[in-house]
Amino acid sequence: NADTLLLTAAADGDNFTIVTNGATTGISAINATADYNIGVTLSDSVSGVTVTLSGNGDSLSLTSGSSVTVSDVETVTTSTGNETVHVATGSVTTFSADAGGAGDKVYLDGAAKVTLGTGLELVTGSASGTDTIVGSSGSDNIVGNGGDDLFQFAGGRLTAADTVTGGSGTDTVQITSCGAATLSGVTNADTLLLTASADNQGFT
C-alpha cells in the first residue's frame with residue numbers, strides 16, 4: 001500500500017531535505033502541516049509523488065528526472081532537466097526563473113495559474129479548465145488545450161521565439177505592460193487584451 005510522508009514542522013520557515021536514494025516504492029504523497037514558508041528539497045529523482053504544502057511562501061526543489069504533482073506549492077525549482085510537473089486544480093504556482101533544463105515539462109491537471117520561469121520545454125493547460133499561464137522572459141512553448149484560457153505577457157516578453165497555441169475554448173492573450181509584442185507565434189487565440197498600463201503598445 002502507498003503511504004503518505006507527513007512533514008510536521010516545528011515552526012513556520014522550516015526546511016526539509018528528503019533523501020530517497022532513488023527508491024520511491026510505497027510513498028505516494030508528501031504533505032506539510034505548517035502554515036508558511038516551508039521548504040522541501042527532493043535530493044533524488046522521484047516519480048508518482050504528490051507534494052502538498054500550504055501555498056503560503058512554500059517551495060519545492062526537484063532533482064533531474066523527477067515526475068511529481070504539486071498542490072498548493074507556491075514556488076517550484078527544477079533541476080538540470082527531464083522533470084515533469086503536474087499542477088493540481090486550484091493551485092497558484094511559480095516556476096523559478098532560469099531554473100529549467102532540457103526536457104522540463106509542466107501540465108495543468110485542472111484550472112490553475114502558473115507563472116513560468118525560463119527554460120521549460122513545454123507547458124500544457126488543462127483539458128477543460130480555465131487556466132492562467134504567465135509567460136517568462138525566455139522562449140516559451142505553451143499549449144492551451146481546452147477551456148477558456150488566459151495567456152499573460154509583460155511588455156517585451158512575447159517575442160518571435162515564443163509559441164502560444166490556444167485550444168478549443170475562447171482563449172485570450174493579454175499584454176500587461178508597455179513594450180513590444182510579436183504575435184507571429186500565436187495561433188488559435190480569440191482575443192488580444194491590452195491593460196491600461198500597456199498604452200503606446202507596438203505589435204509585429
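Residues are described here as buried when their relative accessible area is under 20%, as exposed when it is over 50%, and as partly exposed in between, with a 1.4 Å probe and protein chains only. By this criterion, buried residues account for 43% of the 204 residues in the chain. The structure is a predicted model, in which local features need pLDDT of at least 70 and side-chain atom pairs count only at pLDDT 80 or more, whereas totals for chains, interfaces and linings use all residues. Residues are numbered from 1 along each chain as its sequence is written, and side-chain values use heavy atoms, with hydrogens and water left out.

Secondary structure was taken from DSSP runs numbered from the N terminus, with helices (H or I) requiring at least four residues and strands (E) at least two. On this basis the chain contains zero helices and 20 strands. The accessible surface, computed by the Shrake-Rupley method with a 1.4 Å probe and, for residues, with only the protein chains shown counting as cover, comes to about 8,700 Å², of which 47% belongs to carbon and sulfur atoms. With contact defined as heavy atoms within 4.5 Å, 14% of the contacts between residues at least 6 apart in sequence join residues at least 24 apart.

Strands are regarded as paired if DSSP finds at least two bridges between them. On to S9, S7 is joined by four bridges in a parallel arrangement, with Val87 of S9 as the bridge partner of Val70. Four of the five residues of S7 are buried, so this strand is largely enclosed by the rest of the structure.

In soluble globular proteins, nonpolar side chains tend to be buried together. A nonpolar core is taken here as a set of buried Ala, Val, Leu, Ile, Met, Phe, Trp, Tyr and Cys residues joined through side-chain atoms within 4.5 Å. The largest such core has 36 residues, and those with the most contacts inside it are Leu42, Leu60 and Val87. Elements giving two or more residues to this core include S3 (27–32), S4 (39–42), S5 (47–52), S7 (67–71) and S9 (84–87). Beyond residues up to four places away in sequence, Leu42 touches Ile18, Ile30, Leu60, Ser61, Leu62, Thr63 and Val68. Leu62, in the loop between S6 (59–61) and S7, is buried, with a relative accessible area of 6%. Leaving aside neighbours within four places in sequence, the contacts of Leu62 include Leu42, Val68, Val76, Thr77 and Val85. The C-alpha atoms of Leu62 and Val76 are separated by 7.7 Å, the two residues being 14 residues apart along the chain.

Charged side chains were examined with a salt bridge defined as a side-chain nitrogen of Lys or Arg within 4 Å of a carboxyl oxygen of Asp or Glu. A search of the whole structure finds one salt bridge. Lys105 forms a salt bridge with Glu121, and the closest N and O atoms are 3.9 Å apart. Lys105 lies in strand S11 and Glu121 in the loop between S12 (113–115) and S13, so the pair ties together parts that are 16 residues apart in sequence. Lys105 is partly exposed at 27% relative accessibility, as is Glu121 at 39%. Lys105 also stands opposite Leu122 in S13, and S11 and S13 (residues 122–124) pair in the parallel sense over three bridges.

With Lys and Arg counted as positive and Asp and Glu as negative, and His and the chain ends not counted, Asp149 is buried yet has no salt bridge, the nearest side chain of opposite charge, Lys113, being 13 Å away. Asp149 is placed in the loop between S15 (141–143) and S16. Apart from residues up to four places away in sequence, Asp149 touches Gly129, Thr130, Asp131, Gly144, Thr170, Asp171 and Thr172.
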